[in-house]
Amino acid sequence: MLQYKTIAIIATTLVASSFTALNGPKPKLKVATETLVRKLVNYKVSPEQSKLTWVAKKVTGEHSGTINVSSGSLALDNKVLKGGSFELDTKTIAVTDLTDKETNAKLLGHLKSDDFFAVEKFGKANFNITSVQSTGAGTYDVKGKLTIKGITNEISFPATVKQEGNKVIANAKITVDRTKYDIKFRSKSFFENLGDKTIYDDFELNVQLVANN
């Protein structure tokens, strides 16, 4: 009789164990997930391929010229602009609209003087992006800090950026209020009765940066 009871207990235990195993906590299934890894890529600006032109207007007309881009970089994440900067060599400022050498040299000398860019004291100007907002395919609203004559102000402007293989090309038209950088010569905001000698406060920088990976 004892032997039958022992067998019965063992059988009951096995059945209970099997039931628990079938109805107990189920192992978690591993779900395969695909993680998209994006890498921030920095492109180095090529001074030789990049270009900056300037346009300054006055009551009686306008003048235009160039400034060399000396360095810079553009950062892209999955072909989307995320940041960047560029530096200008103010000592290379040139006037391109005046063909008479004497008149050209006179204006150029004035632009390099303390009345304007004071290039001997401030040989560099630079811009650093602080934020970028995409407005469409390859178009952006860019905000950043522009430094001229050692004075820094925040500015914003629209820009276009396109990637061609290992090359990135960025274009922008930047409007600058010169008086915010202590360039007040013949500004009607600070001087009266200038008449047709007035030089407008805003000038334009047309920038094309070419950067390579």
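Colleague: Which residue forms a salt bridge with Glu87?

Modeller: This is a predicted model, in which local features need pLDDT of at least 70 and side-chain atom pairs count only at pLDDT 80 or more, while totals for chains, interfaces and linings use all residues. Residues are numbered from 1 along each chain as its sequence is written, and side-chain values use heavy atoms, with hydrogens and water left out. A salt bridge here is a side-chain nitrogen of Lys or Arg within 4 Å of a carboxyl oxygen of Asp or Glu. For Glu87 the closest N and O atoms are 4.0 Å apart, and the partner is Lys124.

Colleague: How many residues apart in sequence are the parts that this pair ties together?

Modeller: Strands (E, at least two residues) and helices (H or I, at least four) are DSSP runs numbered from the N terminus. Lys124 lies in strand S5 and Glu87 in strand S4, so the parts tied together are 37 residues apart.

Colleague: Is Lys124 buried, exposed or partly exposed?

Modeller: Buried means under 20% relative accessible area, exposed over 50%, and partly exposed in between, with a 1.4 Å probe and protein chains only. Glu87, at 25%, counts as partly exposed. Lys124 has 41% relative accessibility, so the residue counts as partly exposed.

Colleague: How many salt bridges does the structure hold?

Modeller: Another one joins Asp114 to Lys121, with the closest N and O atoms 3.4 Å apart. Lys184 and Asp182 also meet through their side chains, at 4.0 Å from N to O. The total for the structure is four.

Colleague: How many aromatic pairs does a search of the whole structure find?

Modeller: Rings of Phe, Tyr and Trp (its six-membered ring) pair if their centres lie within 6.5 Å; planes under 30 degrees apart count as stacked, over 60 as edge-to-face and the rest as tilted. On that basis the search finds four.

Colleague: What is the angle between the planes of Phe86 and Phe127?

Modeller: These two rings form a tilted pair, 5.7 Å from centre to centre, with the planes at 40°.
Phe86 lies in strand S4 (residues 80-95) and Phe127 in strand S5 (residues 124-136), so the pair ties together parts 41 residues apart in sequence. Both Phe86 and Phe127 are buried. The angle asked for is 40°.

Colleague: Which residues form one aromatic cluster?

Modeller: The rings of Phe127 and Phe157 have centres 5.3 Å apart and planes at 55°, so this pair is tilted. Phe127 is in strand S5 and Phe157 in strand S7 (residues 151-164), so the parts tied together are 30 residues apart. Phe127 and Phe157 are both buried. The cluster consists of Phe86, Phe127 and Phe157.

Colleague: How many bridges join strand S8 to S9?

Modeller: Two strands pair if DSSP finds at least two bridges between them. Strand S8 (residues 167-177) runs antiparallel to S9, and Ala172 has Val207 in S9 as its bridge partner. The number of bridges is 11.

Colleague: Which residue in S9 stands opposite Val55?

Modeller: Strand S2 (residues 51-58) pairs with S9 in the antiparallel sense over seven bridges. Strand S1 (residues 40-45) is also antiparallel to S9 (residues 199-212), over two bridges, and there Val45 stands opposite Ala211. For Val55 the residue opposite is Glu204.

Colleague: Where does Ile183 lie?

Modeller: Ile183 has a relative accessible area of 1%, so the residue is buried. Leaving out residues up to four places away in sequence, Ile183 touches Asp115, Phe116, Phe117, Lys149 and Arg178, a contact being heavy atoms within 4.5 Å. The C-alpha atoms of Ile183 and Lys149, 34 residues apart along the chain, are separated by 9.0 Å. Ile183 lies in the loop between S8 and S9.

Colleague: What pattern does the protein chain follow along the sequence?

Modeller: The chain has two helices and nine strands. Of its 213 residues, 32% count as buried. Read along the sequence, the pattern is α-β-β-β-β-α-β-β-β-β-β.
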